[in-house]
Amino acid sequence: MIDERGGLELEGAAGETLTILTQDQVQQISEFADRAETTALIQFMLIARLGLRDNDSFADIAEEYKETFSAQAELFCNELGYNWADLSGDIWDLIVAYTESAFPSEEIASMLSREEHESMSSYIGSSRRISGRRRPANTAFRDIVDILGDPDRFNQMRDCLHEIRSLSREYYSELNLMHTLQMVDNFRFDHEALYVPRNLRVQNSDDVRNDTFLTSPSSRPRCVVIGNPGVGKSTMTRHLIHTLSASSDDDPSHFAALIVNCKDAANQDGGSFILGAIAKNIRENLQLDVAAKCLGDLITVGRAFVIFDGIDEIIDTSARQNFVKAIESFASRYPIAPILITARRVGYEKTPFKAQEFRVFELDDFSEKQVAEYARKWFSAVDRDLNELDSFLRETETVPDVRINPLMLSLLCALYKARGHIPRNRLGVYRSCAEMLFQRWDSMRHIEQPTDHRNHGTRLMQELAYFFYKSQRAQAGVQEVQLVKIISQFFISTSSVEPGEANQRARDFLNFCAGRAWLLSYQGTDDRGERLFSFTHRTFMEYFAAEAIVRRARSFDEVVDEIAKAHERDTSSVLADVIYQSADEKYDNGARDIIDGLMARAQGLGRINADKYLSLCLRLLNAAPVPGFTTEKVISSLFEYWEASRADLTRDTAVSLFDLYRDPRGYVLRRLEDEPGWARLTLERWARFYLRGESFMFDPAWSVEAPKVAHGVQLSEKSDKALLAYAIDIGIAPPPSVLHGENWLCHIVSFDKVVAGPALLEMERRLWPASEDPTVNLMKSLVESGTLASLRPDGRSLSWVLSEISQRNLSSSAERIAQDPEFRILSEFLLWASCALFEASLPSLHEFHEVVDGVFGIEWFRRAIATRVYGPGSKGGEYGQPAFSKKELAEMPKAAEIPSWFSGWCRGSVTLLRPDPTER
């Protein structure tokens with residue numbers, strides 16, 4: 001109860017007033033109650049209340065906890081100079097009474113199963129006072145009294161807490177990307193610079209939680225996080241340790257993160273003294289010698305978050321099961337300690353933790369949004385030009401199943417930084433990734449690999465990948481018995497191994513893959529209980545299959561056949577590129593001969609299908625160097641095809657041309673200087689990407705060179721409209737006849753997408769300037785020539801284009817309109833666009849109308865549309881504004897800022913849109 005002075009009346013159990021606490025005392029007691037030690041004591045007491053049905057036994061525990069609470073309160077008050085310690089016993093009694101009212105023990109106990117009650121009871125016990133009773137005292141319940149009741153022991157524990165946190169703050173201040181060491185100068189990054197927050201999904205549900213809940217260990221989470229290889233379990237763990245250690249020391253509930261590296265902690269049979277393993281980790285990493293007893297005190301009072309990282313790295317299943325039991329015993333020994341365990345998804349079900357004590361979360365691969373966020377952070381962290389980010393993301397679209405894996409994405413980023421590209425040397429990319437997955441990563445983490453894995457792993461992967469590739473059904477998963485046959489035959493035919501031994505070694509290899517390997521992994525069982533295996537990443541299956549195809553080929557024509565088949569099967573697949581690069585490594589002039597073979601096939605397909613292999617050949621020019629005459633042959637064939645085809649139907653080959661890297665691109669640019677026809681055909685396609693806003697996808701050299709080429713091309717009214725639009729937008733004056741009211745000036749089709757024409761592009765640039773204005777003032781020419789009203793755009797196209805412009809520029813442009821030095825020109829153009837747009841959106845307003853504020857004010861424009869819809873002098877209906885009167889319409893032509901066609905538009909006698917052919 002609050003008294004008239006703002007104090008709080010402290011009442012006893014019978015309702016009598018014990019004292020009145022000041023506001024300062026209330027705040028001080030709240031601080032004390034929020035301490036982890038106080039919370040731990042209350043939690044132990046609550047567990048005891050639920051586990052002990054004998055009131056006498058509980059009374060003994062409660063009395064000792066009351067004494068401990070009072071000892072802690074006295075220590076707290078003495079340290080800070082507070083004067084309410086003598087009230088601590090009464091405060092404890094109130095806490096006990098409150099917990100009983102909030103958590104009625106009889107009611108809760110009635111809802112517990114027998115197993116749950118036995119589990120709860122197993123924790124119970126207290127101090128020496130009850131240690132000889134029928135139920136032995138649980139060490140934690142005894143220790144918390146001794147720890148918190150002994151000032152020297154408590155202070156020693158607190159000093160240990162501060163030392164561990166301080167050293168951990170420094171040790172875990174960076175993310176360590178050792179696997180990129182060969183490709184970047186620095187592999188250590190601040191967490192804030194690179195870490196992407198992760199989502200944890202409750203196993204077998206749609207319930208998703210952000211990983212930040214782990215940084216609040218006062219909630220005592222006990223969970224297992226499972227995920228695929230490289231999904232970022234250890235990185236998330238390291239970030240968690242960093243976050244816990246970096247919190248302010250002024251926080252009364254800060255925690256120490258204590259780490260157990262499972263493979264190092266478990267002995268040969270999986271047994272372990274976990275406190276000793278924690279102490280060893282602290283000694284070796286933090287260079288701090290901490291006694292196991294002090295660590296036990298930290299964990300007992302709930303001041304430590306214990307993390308068991310990589311339990312799957314205990315390879316032997318029996319040993320892993322024993323270590324799981326050791327962790328479960330540890331959890332019982334320290335009942336309020338928050339605990340996190342990480343494990344791989346595959347194989348977890350063989351040695352799971354007790355579901356009633358540990359909640360299982362799944363850590364999934366990156367989403368596409370997280371891929372982009374990580375890449376942006378990476379490029380910024382390594383001082384890479386962020387303009388390259390879009391190119392990197394586009395180039396890695398060819399390996400989508402690889403880049404969503406955080407470990408693989410970090411490697412791709414490192415490769416891109418070191419080499420400046422991804423697809424140029426695709427074989428090397430996959431070889432580096434596969435080597436890291438299959439060999440280096442386990443060895444870097446000091447995980448022993450079987451001899452066959454080290455000596456024959458790569459060759460076996462090739463054999464298995466070839467089998468998977470040739471059998472489409474196999475890609476969904478292959479039975480173990482079938483793979484055993486393939487591997488056994490390999491050992492028999494290559495190593496002179498007897499069938500029995502070969503069979504056993506094949507099974508051992510698959511068992512290792514099932515529990516460890518990152519490329520070939522165990523996928524569950526079929527309906528007969530037979531284990532199924534498949535490649536974790538399709539991309540790596542294709543890489544190993546490509547190596548096998550080239551190695552097995554008995555003639556060069558076979559290689560060309562396989563490349564053609566791979567491309568025909570899936571043009572987006574990288575298999576053709578990897579076979580090409582692998583063959584070029586194996587054969588002298590292999591790249592040249594493959595392109596010659598593919599071009600011969602293309603010539604036999606006729607003009608309509610001539611592009612079937614042209615895009616592929618252009619792609620392959622990037623993959624391996626070829627003689628100049630080979631490049632000439634491909635490029636000449638490309639322009640022959642373009643000359644005979646509509647530009648809008650040649651997007652694939654255009655992408656391939658503009659994707660060319662430096663050397664073949666340089667050849668093309670030199671030829672454009674000498675071949676006006678080639679220059680025109682190239683610009684017609686480049687213009688389409690430019691108008692679509694997609695020119696950024698290609699090397700910046702094209703954005704520099706294309707305008708130079710454009711200035712040397714002759715333009716006429718018969719020129720390709722996209723080329724004319726591009727020329728106008730970069731400041732090249734078109735022939736005068738071009739400006740005589742054609743709707744492509746407003747919108748134009750570019751590779752099957754409607755985009756803004758040069759007039760609307762200029763309008764956007766004037767309203768939301770992002771660069772210098774173009775030298776061609778198209779809007780002024782249209783307004784002053786009186787041809788604006790005759791543009792007659794298509795309604796749907798205009799609406800689409802202005803929607804995109806509005807979405808790109810959400811801020812209002814009203815102030816910009818009023819300040820434009822050519823206000824009359826801009827305002828008339830905007831009024832024309834607004835009126836034409838209303839014809840398309842009738843009877844509703846469009847978002848563009850709001851963005852430009854109706855040109856002269858949205859209320860004024862509402863009067864205009866009310867006039868058009870309901871007639872002059874009407875009340876305006878749904879538009880909320882009265883229509884213009886006949887007198888006002890008659891006066892409009894006299895106003896300098898109002899165009900002559902506007903009053904006729906309001907009356908309905910002028911229409912700005914092209915008639916819709918679908919309407920009658």
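Q: Which residue forms a salt bridge with Arg344?
A: Asp312 does, with the closest N and O atoms 3.4 Å apart. Bear in mind that this is a predicted model.

Q: Where do Arg344 and Asp312 lie?
A: Arg344 is in strand E10, residues 339-344, while Asp312 is in the loop between strand E9 (304-309) and helix H14 (317-333).

Q: Is Arg344 buried or exposed?
A: Arg344 counts as buried, because its relative accessibility is 8% and the cut-off for buried is under 20%. Asp312 is buried as well, at 10% relative accessibility.

Q: How many salt bridges does the structure hold?
A: It holds 48.

Q: Which residue does Glu284 form a salt bridge with?
A: Lys280, and the closest N and O atoms of that pair are 3.0 Å apart. Both residues sit in helix H12, residues 274-286. They are four residues apart there, so about one helical turn separates them.

Q: What is the relative accessible area of Glu284?
A: For Glu284 the value is 49%, which means partly exposed. Lys280 is also partly exposed, at 36% relative accessibility.

Q: What about Arg592, which residue is its salt-bridge partner?
A: Asp593, with the closest N and O atoms 2.9 Å apart. Arg592 is partly exposed at 23% relative accessible area, and Asp593 is partly exposed at 26%.

Q: Which residues are linked in a network of salt bridges?
A: One such network links Arg459, Glu463, Arg551 and Arg552.

Q: Which residues are on each side of E7?
A: Arg222, Val224 and Ile226 are on one side, and Cys223, Val225 and Gly227 are on the other. Both faces are covered.

Q: In which sense do E7 and E10 pair?
A: In the parallel sense, over six bridges. Within E10, Ile339 is the bridge partner of Arg222.

Q: New topic, helices. At what angle do H24 and H25 pack?
A: At about 160 degrees, with their axes 8 Å apart. H24 is therefore roughly antiparallel to H25. H24 spans residues 556-569 and H25 spans residues 575-586.

Q: Is the crossing of H24 and H25 left-handed or right-handed?
A: The crossing is left-handed.

Q: Which residues make the contact?
A: From H24 they are Val559, Glu562, Ile563 and Ala566. From H25 they are Leu575, Ala576, Ile579, Tyr580 and Ala583.

Q: Last one: where is Thr653?
A: Thr653 is in helix H29, residues 651-658. Its relative accessible area is 1%, so Thr653 is buried.

Q: What does Thr653 touch?
A: Not counting residues up to four places away in sequence, Thr653 touches Asp611, Leu614, Ser615, Leu618, Leu638, Tyr641 and Trp642.

Conventions:
Residues are numbered from 1 along each chain as its sequence is written. This is a predicted model: local features need pLDDT of at least 70, side-chain atom pairs count only at pLDDT 80 or more; totals for chains, interfaces and linings use all residues. Side-chain values use heavy atoms; hydrogens and water are left out. A salt bridge is a side-chain nitrogen of Lys or Arg within 4 Å of a carboxyl oxygen of Asp or Glu. Helices (H or I, at least four residues) and strands (E, at least two) are DSSP runs, numbered from the N terminus. Buried means under 20% relative accessible area, exposed over 50%, partly exposed in between (1.4 Å probe, protein chains only). Two strands pair if DSSP finds at least two bridges between them. Axes are lines fitted to C-alpha atoms, for helices over the stretch in contact, and angles run from 0 to 180 degrees between N-to-C directions. Angles under 35 degrees count as roughly parallel, over 145 as roughly antiparallel, 65 to 115 as roughly perpendicular and the rest as oblique. A crossing is left-handed if the near helix is turned anticlockwise from the far one by less than a right angle, and right-handed if clockwise. Contact means heavy atoms within 4.5 Å.
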